[in-house]
Amino acid sequence: MAINRRTFNIKLASGLIGAFILPSSALSFNRDKVNQKKLGVALVGLGSYSKWQLAPALLDTEYCYLAGIVTGTTSKEKEWMDKYNIPRENVYNYENFDEVVNNDAIDIVYVVLPNSMHANFSIRAAKAGKHVICEKPMAVSVAECDAIIKACKDADVKLSVGYRMQSDPYTNEIKRLVKEKPFGKVHYVSSDAAYISRGNPNQWRLNRKLSGGGALVNMGVYSIQSNIYGTGTNPISVSAQEFSTRPEYFKDTDETITAQMEFPNGVVGSMFTSHNAKANRLFVSFRNGWAELNPAHSYGPLSGRTSDGKEIKFPHQSQQMVQMDDFAKHILTGSANFAPGEMGKRDMIIVEAIYKSIKESGKTIPLNLGNMGIVSA
Ligand code: NAD
């Protein structure tokens, strides 16, 4: 029987079944402690991801709820207050946001702004004593990731990156196959994350100052992530190439990038990311078989299969709901943080190495990541 982590945690908490696929930290899951309080989340930035994914998911979360909003658009305030029953005192704008320090109803600040604004708001949230979820990519440089991590450490607050795939059962099944080796060890992984951008050429995602990069920082981080959970290790080097077929549209940001990664023990990885192609797949080749997710990175339901003819299948749940509940449980019980700040920083180190390789005509760039950002679950 396929069982997802939420169902599993609850069964585990009620003592119905024993340890199976859970991280060891979840063994200390304490339902009474969690039941004390739902944590209040404030969304910063009410654009499409907040509006269509995060806010609806927060209606279904068990351990957190939508308590507040931070918006630069006054006209959105009333609509959100009415729809989500948010009191006026929990509504902020970008200027008065720091006053959240005085608001006990807000426990977690979730930064859902253009990438170049992540560091500013994450650091301000930490200084206000709030736990932070920062959307992907974590920031627009490794230096900014460091600054966010330091601010959260100094303020003794928890930090997570909005990597919803890390809470997805299909992704976790890939991690399990890699770890338990029913098909032997991994030899090769290939991952694609791409869509065709046709919208307003002035949108922030195509403006390097606001986005920090193009397809690589937007979709490529999914490919980087799935190369890593598809092998269970960090790459030791990367080389990359860039392709441009619509330079008149992608004036300021990368359109298509391919990269090859070398992992320890001779494992090889390949990734493709683009704002000008449709691709959404993870393929893991083991010594004695393979596993594939296609789609692999979208909101779900995902779809997967293995070389023995079996389907990978789990009941569909909102990834965002599970992701935010996982972080709330991490705060409440000390269970694992499935997407810590170090993971976001590690991916930004790889992003910077990929851009460096492209600049140096595909030169192999060594990486010295050790186990940075690997969560043993
Ligand atoms: P969006 O363009 O729909 O919304 C951006 C929001 O930021 C809007 O509310 C806008 O008013 C506000 N904003 C403030 N200053 C701005 C400026 N100078 N320029 C443009 N907008 C400004 O974007 P989105 O799709 O909601 O993405 C927001 C963040 O969420 C990004 O970091 C993105 O990578 C991330 N995201 C993550 C996922 C995921 O699956 N984890 C999915 C979508 C987006």
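1. Start with P137. This proline lies in the loop between β5 (131-134) and α6 (142-155). The peptide bond that joins K136 to P137 is cis, with omega at about -15°. K136 also belongs to the ligand shell, as one of the residues that come nearest to the ligand. All of this is read from a predicted model.

2. There is another cis bond to check. N294 and P295 are joined by a cis peptide bond, with omega near 5°. P295 lies in the loop between β12 and β13. Most peptide bonds are trans.

3. A296 lies between β12 (289-293) and β13 (304-306). Is A296 buried or exposed? A296 is buried, because its relative accessible area is 0% and the cut-off for buried is under 20%.

4. Now the ligand. The shell around the ligand holds 21 residues, and S48, N115, K136, R164 and W204 come nearest. By class, 11 residues of the shell are nonpolar, five are polar and five are charged. The ligand sits in the largest pocket.

5. From the side chain of W204, an N or O atom is 2.8 Å from an oxygen atom of the ligand. The backbone of Y49 places an N or O atom 3.0 Å from a ligand oxygen. At G162, a backbone N or O atom lies 3.3 Å from a nitrogen atom of the ligand. How much of the ligand does the protein cover? The ligand has 840 Å² of accessible area on its own, and the protein covers 79% of that.

6. Two residues other than glycine have a positive phi. For N85, phi is near 55°. N85 is placed in the loop between α4 (75-84) and β3 (91-92). For D156, phi is about 60°, again positive in a residue that is not a glycine. D156 is placed in the loop between α6 and β6 (159-161). Most residues other than glycine have a negative phi.

7. Are N85 and D156 buried or exposed? N85 counts as exposed, because its relative accessibility is 70% and the cut-off for exposed is over 50%. D156 is exposed as well, with a relative accessible area of 67%.

8. R287 is another loop residue. R287 is placed between β11 (276-286) and β12. With 59% relative accessibility, R287 counts as exposed. R287 and L54 are 233 residues apart in sequence, and their C-alpha atoms are 39 Å apart in space.

9. Finally, L58. The loop between α3 (48-57) and β2 (64-70) contains L58. L58 is buried, because its relative accessible area is 4%, under the 20% cut-off. From L58 to E292 the separation is 234 residues in sequence and 30 Å in space, C-alpha to C-alpha.

Technical notes: Residues are numbered from 1 along each chain as its sequence is written. This is a predicted model: local features need pLDDT of at least 70, side-chain atom pairs count only at pLDDT 80 or more; totals for chains, interfaces and linings use all residues. Side-chain values use heavy atoms; hydrogens and water are left out. A residue is near a molecule or strand if one of its heavy atoms lies within 4 Å of it. A polar contact is a pair of N or O atoms within 3.5 Å; within protein, one must be able to donate a hydrogen and the other to accept it, and residues adjacent in sequence count only if both atoms are side-chain atoms. Accessible areas come from the Shrake-Rupley method with a 1.4 Å probe; for residues, only the protein chains shown count as cover. On a 1 Å grid over the protein atoms alone, a cavity is a set of points where a 1.4 Å probe fits but cannot get out, and a pocket is an open set with protein on both sides within 12 Å along at least five of seven lines; lining residues have an atom within 4 Å of a point. A molecule sits in a cavity or pocket if more than half of its atoms lie within 2 Å of its grid points. Ala, Val, Leu, Ile, Met, Phe, Trp, Tyr, Cys and Pro count as nonpolar, Asp, Glu, Lys and Arg as charged, and the others, Gly among them, as polar. Helices (H or I, at least four residues) and strands (E, at least two) are DSSP runs, numbered from the N terminus. Buried means under 20% relative accessible area, exposed over 50%, partly exposed in between (1.4 Å probe, protein chains only).
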